[in-house]
Amino acid sequence: MTSSERSRDEHFMQLALEQARQGAARGEVPVGAVVVHAGEVVGAGFNCPISTDDPSAHAEMVAIRMAARTLANYRLPGTTLYVTLEPCSMCAGLIVHSRIQRLVYGASEPKAGVVASRGEFFTQEFLNHRVQVEGGVLGEQCAAELREFFRQRRLQS
């Protein structure tokens, strides 16, 4: 990866971190995501299952839904999804079904992450779409947001 590619990935991950902070401000677990197409953000979102009473309202789901509406297509070829936390199985399936070209994530998710931590979902032979993956981009910053959120939550209880 070149330094300009790394810089681009860090820029968009910062935008995903801003989304995560918006979610945290609403009492949601701070995970944020942005979908980028041709250098432009076409979808953005943060975790909001609590406030929406929707268990599927993960940051990735929200951002991908917005990107599909923006691009007027349920398939999102040529896009990159930036998310602050390694995706779960639900979101990994969505990434494949929406034909995201590339996934860039920040922090690992040792309990439920299926990109590398609890399995390697995107390497399964039965999948009809291959996703390029880059993990650990601003990983420490992304993990720090989550640690601080849960630290504050413990102090409040």
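1. Glu-145 is partly exposed, with a relative accessible area of 22% (buried means under 20%, exposed over 50%, partly exposed in between, with a 1.4 Å probe and protein chains only). This is a predicted model in which local features need pLDDT of at least 70 and side-chain atom pairs count only at pLDDT 80 or more, while totals for chains, interfaces and linings use all residues. Residues are numbered from 1 along each chain as its sequence is written, and side-chain values use heavy atoms, leaving out hydrogens and water.

2. The side chain of Glu-145 meets that of Arg-21 in a salt bridge at 2.9 Å, N to O (a side-chain nitrogen of Lys or Arg within 4 Å of a carboxyl oxygen of Asp or Glu). Glu-145 belongs to helix 5 (residues 139-156) and Arg-21 to helix 1, so the pair ties together parts 124 residues apart in sequence; helices (H or I, at least four residues) and strands (E, at least two) are DSSP runs, numbered from the N terminus.

3. The count by this rule comes to 8 salt bridges. One of them joins Arg-102 and Asp-9, with the closest N and O atoms 2.7 Å apart; this pair links distant parts of the chain, Arg-102 being in strand 4 (residues 102-107) and Asp-9 in helix 1 (residues 3-25), 93 residues apart. Both Arg-102 and Asp-9 are buried.

4. In helix 3, the buried residues are Ala-59, Glu-60, Met-61, Ala-63, Ile-64 and Ala-67. After helix 3 comes Ala-72, whose phi is positive, near 50 degrees.
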